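Subject: Structure handover

Hi,

Here is the structure I promised to pass on. Please open it next to this email and follow along.

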Amino acid sequence: MAKDKNGNEVKYSFGLWTVNWAGGDPFGAPTRPWNDYNFDSIRKLKEIGAHAFTFHDDDAFPPTATDAERSEAIAKLKKVINETGIVCEMTPFNGFSHPVFKEGGFISSNREVRRYGLIKTLRHVDLAAELGATTFVLWNGREGAEYDNSKDLGDAHARYAEAIDTVADYIKAKGYDIRIALEPKPNEPRGDMLLPTIGHALAVIDSLDNSDIVGLNPEVGHEQMANLNFTHGIALAMYLGKLFHIDLNGQNGAKFDQDLVFGHGDLKEAFFLVDLLNNGGINGNLQPYTGYRHFDYKPSRTESDAGVWESARANIEIYETLSKKAENYRKDPKTIELFKRAKIDQLGQPTLAAGESVVDFRNSVSQYDFDIDTIGKEDYGLVELHQQAIRHILG
Ligand code: GCO
Ligand code: MN
Ligand code: MN
C-alpha cells in the first residue's frame, strides 16, 4: 500500500454512481442493468481494496421515496457499512438529476425550486452526519445556463453564494463535523456553468461568511476540459488550505467529460499530481494531502460486469504504481542533482532576507548589482529534468 511522505497510508474511495453507472449516453441506451439501489457494490469495493464509498442522496433512494422507503434504504446501507467496515467518507448532494432542477438548483430563477433544493440539501446534510461523512460535496451540475440572457447573472451569483452560506450555517447550527467541498466544472450538463474552475470557486469561497468550512473537491477531467493544468490548480488549493477532497479520473484534453480511469488520460500530469498529493511539492513545503483518493470515473459503456470491476481496480493500480514511481524518482541521486541544477531549492527561500525590510532593500541594493547578461545565459536543465521524470514513468 502506498504511503505519503509522513508515512500515512493512502486510502481509496469510490462513488457508488461510478461502478453502478449503467452506460446510457445522449446517443444510446444503457448497456448494463442498473442495480436499483442495491448496495452490493460496497462489498465489491472492499474486495478490490477500497476503504470507503461516497453516494448522492438519489443513489440510495429516489427523491420521491416516502419516509418509510427512505428509512428502509438507510437501514440497508448501514447494515452493509457495519458488515464490511467500508465507511462513507463523503456524500454529494444531487441537485441535478430530477427535471425539477432543469433550469438550475441553487440558482434557479424559480424560487420554489430553490426552496425545494434547500430542504432536500439540508435533509441530506442530516444523513451525512448520521453516517459519519465529514465532507459534503456540492457539484455545480445544473448551476448554469445555455443562453446569457436566460437569467440575471449577478443575482445568480448572489443566490449561489447565499445557498452555500445557508447550508454552512445549518452545519454550524447543528454542530456537525462536516465541511462543504465545491466541485467546479466548466460545462456539461449546462452550456456554461457558474464556478467553472478551481480559481472561480476559490474567489467565491473567499467572499462567504462561512469560508472556514467551505473548500474544494476538484476533479481532474473538469479542469482539463477547460484546458487548465490540474496539478497547478491542486497546488493552489493545497497552498490555500482549501483542498478538502479530490475526484481522480482521466481526460484527454478539452472535449466532453470523459470520466476515464485515473491515468488513462494525461498520464504525465497524473504522475506529477500523485507526487504532489503524496509529498507536498518538490521542496515539501506544502502538507501532503491526507484525505481519501476518491475515484469519480465511469466504466466505459463497452464494459460488462467483469470490465466494470477491472476498470475500478485499474484506478487503484495506477495510483499505487505512480506512488512507487514518484518515490523512486525523488530519491534517485540523478533527480536530486537535476533539482539542484534547476535551483528548485532556492524557490523555497523568501526573496527578502530575514530581517531585511523592503525599504532597506530599496536603499541598499542597486539594479546594477545584477549581471543580468550572465544570469540570462544560465542553464536550468529543465528538459533533462523532465526527461528524468519520463524515464521513471516509463520504468
Ligand atoms: C461529473 C461529476 C459528477 C459529480 C458527482 C458529485 O463527472 O461531471 O464529477 O460525477 O462529481 O456527481 O456530485
Ligand atoms: Mn467528470
Ligand atoms: Mn466529480
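First, a term you will need. A donor is an N, O or S atom within 2.8 Å of the metal. Please also keep in mind that this is a predicted model.

**The manganese site**

Start at the manganese ion (ligand 3). Which residues hold its protein donors? They are Glu183 (OE), Glu219 (OE), Asp247 (OD) and Asp296 (OD). Along the sequence, the donor residues follow the spacing E-x35-E-x27-D-x48-D. Glu183 sits in strand β6 (residues 179–183), while Glu219 is in the loop between β8 (214–216) and α8 (220–225), so this pair ties together parts that are 36 residues apart in sequence. Both Glu183 and Glu219 are buried.

Now look at the geometry. The manganese ion (ligand 3) has 6 donor atoms, with angles of 68 to 176° among them. The site is irregular. Why does it get that label?

The manganese ion (ligand 2) is 4.8 Å from the manganese ion (ligand 3). Glu219 coordinates both.

**The nonpolar core**

Next, the largest nonpolar core. It holds 93 residues. Which of them touch the most other members? Phe53 and Phe262 do. Helix α11 (residues 305–331) gives the most to this core, with 10 residues. Domain 1 (12–324) and domain 2 (334–394) both contribute residues, so the core lies between them. Nonpolar side chains tend to be buried together in soluble globular proteins.

Zoom in on Phe53. Leaving out residues up to four places away in sequence, its contacts include Phe14, Leu16, Ile42, Leu77 and Met90.

Most residues other than glycine have a negative phi, and most peptide bonds are trans. Where are exceptions here? Go to the loop between β6 and β7, where you will find Glu188 and Pro189. The peptide bond from Glu188 to Pro189 is cis, with omega near 15°. Glu188 also has a positive phi, near 75°. Glu188 is partly exposed, at 29% relative accessible area.

Lys343 has a positive phi too, near 65°. Look for Lys343 in the loop between α12 (333–341) and α13 (358–364). Lys343 is partly exposed, with 27% relative accessibility.

Best wishes

Methods: Residues are numbered from 1 along each chain as its sequence is written. Chains are lettered from A and ligands numbered from 1 in the order in which they are written. This is a predicted model: local features need pLDDT of at least 70, side-chain atom pairs count only at pLDDT 80 or more; totals for chains, interfaces and linings use all residues. Side-chain values use heavy atoms; hydrogens and water are left out. Donors are N, O and S atoms within 2.8 Å of the metal (3.2 Å for Na, K and Ca); water is not among the atoms, so sites may look incomplete. Four donors count as tetrahedral if all angles lie between 85 and 135 degrees; four count as square planar and six as octahedral if opposite donors are over 155 degrees apart and all others between 65 and 115; anything else is irregular. Helices (H or I, at least four residues) and strands (E, at least two) are DSSP runs, numbered from the N terminus. Buried means under 20% relative accessible area, exposed over 50%, partly exposed in between (1.4 Å probe, protein chains only). A nonpolar core is a set of buried Ala, Val, Leu, Ile, Met, Phe, Trp, Tyr and Cys residues joined through side-chain atoms within 4.5 Å. Domain bounds come from an automatic or database domain assignment. Contact means heavy atoms within 4.5 Å.
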